[in-house]
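Work through the exercises below with the model open beside you. Each task is followed by a solution in steps.

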Amino acid sequence: MSPTPPLFSLPEARTRFTKSTREALNIKNIKPLLSTFSQVPGSENEKKCTLDQAFRGVLEEEIINHSSCENVLAIISLAIGGVTEGICTASTPFVLLGDVLDCLPLDQCDTIFTFVEKNVATWKSNTFYSAGKNYLLRMCNDLLRRLSKSQNTVFCGRIQLFLARLFPLSEKSGLNLQSQFNLENVTVFNTNEQESTLGQKHTEDREEGMDVEEGEMGDEEAPTTCSIPIDYNLYRKFWSLQDYFRNPVQCYEKISWKTFLKYSEEVLAVFKSYKLDDTQASRKKMEELKTGGEHVYFAKFLTSEKLMDLQLSDSNFRRHILLQYLILFQYLKGQVKFKSSNYVLTDEQSLWIEDTTKSVYQLLSENPPDGERFSKMVEHILNTEENWNSWKNEGCPSFVKESVCFVHHRTSDTKPTRIIRKRTAPEDFLGKGPSKKILMGNEELTRLWNLCPDNMEACKSETREYMPTLEEFFEEAIEQADPENMVENEYKAVNNSNYGWRALRLLARRSPHFFQPTNQQFKSLPEYLENMVIKLAKELPPPSEEIKTGEDEDEEDNDALLKENESPDVRRDKPVTEEQIEVFANKLGEQWKILAPYLEMKDSEIRQIECDSEDMKMRAKQLLVAWQDQEGVHATPENLINALNKSGLSDLAESLTNDNETNS
């Protein structure tokens with residue numbers, strides 16, 4: 001009987017792993033941990049979880065003992081090696097990093113984050129990325145909340161750049177998909193004119209040695225006098241523009257736009273009238289280069305009234321303001337997917353923005369140093385930004401394209417890809433067997449499917465034409481509409497809702513009257529159908545009778561004799577038939593619009609005919625049908641011939657006369 005394996009003991013395993021972690025930390029090698037992991041009894045998951053706790057315990061002791069950042073980073077490096085060797089969970093290094101950044105002060109967090117930046121390739125590998133991306137994102141967001149945007153500007157920028165390198169370009173969490181603005185970025189300035197010191201003379205104060213705020217003026221450099229009179233109104237209008245740059249949506253409001261327009265014109269006029277000296281700016285830049293000075297950029301504007309004249313003399317400050325204008329104009333003119341449909345510029349606003357954009361670029365090119373070069377660079381960057389806007393409007397599709405596998409491509413290193421062929425279906429199933437039947441798996445389905453071998457021919461079969469003709473369907477309604485039959489309204493077919501619904505569908509498919517515009521107002525469907533039945537009764541031939549008596553035959557012969565003896569003038573007085581309209585519409589074609597005014601058609605009716613159809617013959621037919629509805633019994637060939645002659649279409653008038661005499 002074999003001895004039972006020892007059971008897993010959490011306290012014992014944690015003690016051994018903690019001891020091994022200390023040894024590995026001293027020699028900066030993971031081998032002691034690998035040896036202990038193989039010796040400790042228990043399942044792999046149990047040992048991994050225990051080693052994770054050991055790492056956190058050792059790290060906690062190092063932080064409490066105020067150890068150096070090197071020891072802390074060494075523990076995290078051991079955890080990374082443990083993940084690679086498969087002895088701890090993939091999320092352990094990220095948990096340790098989160099603990100460290102939560103416990104250490106900001107100056108030491110800078111050192112820890114440098115380690116995080118250097119290992120970005122490790123975090124993006126398949127082993128770590130899926131397990132740690134959410135930990136890293138949460139860790140960076142927690143760190144950004146602790147940092148000051150004005151005092152730790154560089155550190156905040158490093159975190160943003162790290163996230164940009166870590167996540168792919170199409171990562172949704174890093175994209176401002178809805179084009180939201182940072183409305184919390186409020187620029188605070190003096191809004192009380194009574195407390196303003198602008199316009200007052202400070203000569204006496206300067207002589208008495210008034211203290212100068214740190215960062216406002218240099219120790220040795222005296223303030224330069226500004227040739228532009230700066231008062232409180234200019235100060236207030238200048239800094240009020242920052243609210244429009246913060247929230248550009250205000251520009252779509254009528255009152256806000258007028259305020260923005262007024263303030264902008266005054267500020268830009270100041271920039272135009274007070275231009276900087278290129279030699280002075282170049283000399284200042286050369287002194288900075290000699291002393292090794294660096295440009296310092298602040299996340300917030302300094303809005304002290306004492307700095308106003310100095311700011312107007314600073315070329316970098318002017319570039320900031322002018323660039324804000326260009327970014328604002330690009331948003332107002334651009335197509336943004338999530339922009340409200342109400343946010344539309346008027347023609348006057350668009351023209352002003354276009355002219356002002358040219359003025360801003362001109363001011364940038366005149367602003368020293370290297371104004372022309374800087375202006376072209378900004379224009380190029382903003383043009384490139386249009387491509388990013390289009391990409392966001394399309395839903396941010398991934399830039400990674402799937403690799404294309406060529407089935408027949410073969411190289412010496414790779415084996416040819418096997419082509420998978422589907423198993424052929426049996427002949428009986430495809431209808432190629434002795435019975436030539438296609439088996440559908442069910443007797444009834446097989447019978448129905450094989451009624452016709454060709455499915456397309458079966459669909460075109462005349463037996464599938466279930467739509468009745470107008471004569472067949474409306475025969476009963478026409479008889480009931482005849483006053484001689486004395487049918488009461490409540491018993492007429494047009495009052496049946498089921499009959500009315502089918503009648504509308506049939507009229508839409510077979511009758512040109514259905515789409516013909518009319519000025520008549522119908523209160524109900526039966527009233528409309530009653531009107532349509534009366535029109536159809538005039539056009540359709542009388543219902544045929546199966547059995548004719550001798551008297552009926554005599555009457556027909558008499559009618560034929562009367563018709564033969566009828567003069568052409570009498571024939572022309574009869575209303576035109578549907579057949580005559582059909583034939584003449586084909587001849588009229590594109591010339592229908594010439595004839596329309598002479599048939600007393602209004603311009604609105606002509607436009608309606610043009611909108612209803614693009615086919616010229618159909619337009620001509622609709623014109624004639626509308627004229628027939630309008631004239632009623634007076635819609636005769638004679639009147640139509642007169643209208644043709646008046647419109648200059650004498651050839652068509654002669655043709656219609658000949659056709660009328662031939663048919664008669």
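Predicted model: local features only at pLDDT ≥ 70, side-chain atom pairs only at ≥ 80, totals over all residues.

Residues are numbered from 1 along each chain as its sequence is written, and side-chain values use heavy atoms, with hydrogens and water left out.

**Exercise 1. The whole chain**

Task: State how many helices and strands the protein chain has, and what share of its residues is buried.

Solution. 
- Step 1: The protein chain has 30 helices and zero strands. Helices (H or I, at least four residues) and strands (E, at least two) are DSSP runs, numbered from the N terminus.
- Step 2: Of the 664 residues in the protein chain, 33% are buried. Buried means under 20% relative accessible area, exposed means over 50%, and partly exposed is in between, with a 1.4 Å probe and protein chains only.
- Step 3: Take the contacts (heavy atoms within 4.5 Å) between residues at least 6 apart in sequence; 70% of them join residues at least 24 apart.

**Exercise 2. Helix H6 and helix H8**

Task: Work out how H6 and H8 are oriented to each other, and which residues make the contact.

Solution. 
- Step 1: H6 covers residues 106-118 and H8 covers residues 129-146; their axes come within 12 Å and cross at roughly 150°. Axes are lines fitted to C-alpha atoms, for helices over the stretch in contact, and angles run from 0 to 180 degrees between N-to-C directions.
- Step 2: The two helices are therefore roughly antiparallel. Angles over 145 degrees count as roughly antiparallel, under 35 as roughly parallel, 65 to 115 as roughly perpendicular and the rest as oblique.
- Step 3: H6 passes H8 in a left-handed crossing, meaning that the near helix is turned anticlockwise from the far one by less than a right angle.
- Step 4: H6 contributes Leu106, Cys109, Phe113 and Val116 to the contact, and H8 contributes Met139, Cys140, Leu143 and Arg146.
- Step 5: By class, this contact of H6 with H8 has seven nonpolar, no polar and one charged residues. Ala, Val, Leu, Ile, Met, Phe, Trp, Tyr, Cys and Pro count as nonpolar, Asp, Glu, Lys and Arg as charged, and the others, Gly among them, as polar.

**Exercise 3. Helix H6 and helix H9**

Task: Do the analysis for H6 and H9, starting from the axes.

Solution. 
- Step 1: The axes of H6 and H9 (residues 153-166) come within 11 Å and cross at roughly 25°.
- Step 2: H6 is therefore roughly parallel to H9.
- Step 3: The crossing of H6 past H9 is left-handed.
- Step 4: From H6 the contact takes Leu106, Cys109, Asp110, Phe113, Thr114, Val116 and Glu117; from H9 it takes Phe155, Arg158, Ile159, Phe162 and Arg165.
- Step 5: The classes in the contact of H6 with H9 are seven nonpolar, one polar and four charged residues.

**Exercise 4. The nonpolar cores**

Task: Find the residues with the most contacts inside the largest nonpolar core.

Solution. 
- Step 1: A nonpolar core is a set of buried Ala, Val, Leu, Ile, Met, Phe, Trp, Tyr and Cys residues joined through side-chain atoms within 4.5 Å.
- Step 2: The largest one has 53 residues, and Phe55, Ile76, Ile112, Trp123 and Phe162 have the most contacts inside it.
- Step 3: Helix H4 (residues 69-85) gives the most to this core, with 10 residues.
- Step 4: Apart from this core lies another, of 42 residues, including Leu234, Tyr235, Trp239 and Met308.
- Step 5: Ile76 is in contact with Pro93, Leu96, Leu97, Val100 and Phe115, leaving aside neighbours within four places in sequence.

**Exercise 5. Backbone exceptions**

Task: Locate the cis peptide bond at Pro369 and describe the phi of Asp370.

Solution. 
- Step 1: Most residues other than glycine have a negative phi, and most peptide bonds are trans.
- Step 2: The bond from Pro368 to Pro369 is cis, with omega near -10°. Pro369 is in the loop between helix H16 (347-366) and helix H17 (371-393).
- Step 3: Asp370 lies in the loop between H16 and H17, and its phi is positive, near 55°. With a relative accessible area of 48%, Asp370 is partly exposed.

**Exercise 6. A loop residue**

Task: Is Gln516 buried or exposed, and which residues does Gln516 contact?

Solution. 
- Step 1: Gln516 lies in the loop between helix H21 (497-510) and helix H22 (525-539).
- Step 2: Its relative accessibility is 10%, so Gln516 counts as buried.
- Step 3: Beyond neighbours within four places in sequence, Gln516 is in contact with Gln622, Ala626 and Asp629.
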